[in-house]
Amino acid sequence: MLLLLETPAGYSLFSVKNKKLLKADADSIYDNFKSITDAQRQVSLTAFSKFADTKAAMEACTELTEGTVGKSLKKFLKKNIVDAELSENLAVLDKQLGVNINKKLGIEVAVLSENVKEIMRGVRLHLTDLIDGLDEQEVKAMSLGLAHTLSRFKLKFSPDKVDTMIIQAVGLLDDLDKELNNFAMRLREWYGWHFPEMGKIVTENLAYAKVVKHMGLKTKAKDTEFSEVGVPDEIAAEVKSAAETSMGTEI
């Protein structure tokens, strides 16, 4: 299977070497990408096409967000898949983009599964090491430049709507608030299996996350200085006391 990954620096095409990953448990795939050596055993770089400049990157990004196949992407796929006569299926993250690639180039696009998503996540984790000549700092600079250019470009479509940025900012804050609440809920749910009593003692989400990170296992509660993360002494004492008689399971 081939993986199409878009980066701020250009298009990249990877081949999955370890076919067992496609049928493995999705939750275990990350273990195969813990280091660059592990990642190199799972995938290999088939092709990479660097954007000529920020303008080219912005055009490609705009086309990708709309799910269309632009000239640069079409040329890249034609050269490295069609002309190279590769018969493997291609995996892309965007469904609409996959449909358009199949229509324009006749390339078979694979159904995006959780396994493929996890493999792509593992590749992105070591992207700068898997692609020769791609510097991490350079990619960060390209990301920032592309973000600013794309933002200015999109704002040009509504120059008279002075409230657009405020509305978008409020919407973004709402989205962030929802996501943070979701993460806090998941943390309480998962850590609750280990130390359920702490959920009623530490009620504030941020304080709860700090305590979990600082303390780790409940067995370390007795020797943990909770004042270092801003937890009042009375709450710290309750946590330590509850940890001694906790009914939670071991991790």
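## The largest pocket

What volume does the largest pocket have? The answer is about 290 Å³. The structure is a predicted model.

The lining of the largest pocket is made of 18 residues. Those nearest its centre are Tyr 11, Ser 49, Ser 72, Lys 75 and Phe 76. Three elements, E3, H2 and H3, each supply at least two lining residues. H3 gives the most, with six.

## Aromatic pairs

How many aromatic pairs are there? The count is three. In one of them, the ring centres of Tyr 11 and Phe 51 lie 5.2 Å apart.

Tyr 191 and Tyr 208 make another edge-to-face pair. Their centres are 6.3 Å apart, with 85° between the planes. Tyr 191 is in helix H8 (residues 164–192) and Tyr 208 is in helix H10 (residues 205–215), so the pair ties together parts 17 residues apart in sequence.

Are these two tyrosines, Tyr 191 and Tyr 208, buried or exposed? Both are buried.

## Two nonpolar cores

The largest nonpolar core has 24 residues. Leu 4, Leu 73, Phe 76, Leu 77, Leu 90 and Ile 101 touch the most other members. Several elements give two or more residues to this core: strand E1 (2–6), E2, H2, helix H3 (71–82), helix H4 (95–105) and helix H7 (136–155). H2 gives the most, with five residues.

Take Leu 90 as an example. Neighbours within four places in sequence are left aside here. Leu 90 is then in contact with residues including Leu 2, Leu 13, Ile 81, Ile 107 and Val 109. Its contacts also include Leu 4, Leu 77 and Ile 101.

A second, separate core has 22 residues. Among them are Leu 3, Leu 21, Val 43 and Val 139.

How values were computed: Residues numbered from 1 in each chain as written. Predicted model: local features only at pLDDT ≥ 70, side-chain atom pairs only at ≥ 80, totals over all residues. Heavy atoms only, no water. Phe/Tyr/Trp six-rings, centres within 6.5 Å; stacked < 30°, edge-to-face > 60°. Helix = DSSP H or I, 4+ residues; strand = E, 2+ residues; numbered from the N terminus. Buried < 20%, exposed > 50% of the residue type's maximum accessible area, 1.4 Å probe, protein only. Core = buried A, V, L, I, M, F, W, Y, C linked by side-chain atoms within 4.5 Å. Contact = heavy atoms within 4.5 Å. 1 Å grid on protein atoms, 1.4 Å probe; cavity = no way out; pocket = protein on both sides within 12 Å on 5 of 7 lines; lining within 4 Å. Points joined across faces, edges and corners; volume = space filled by probe spheres on them.
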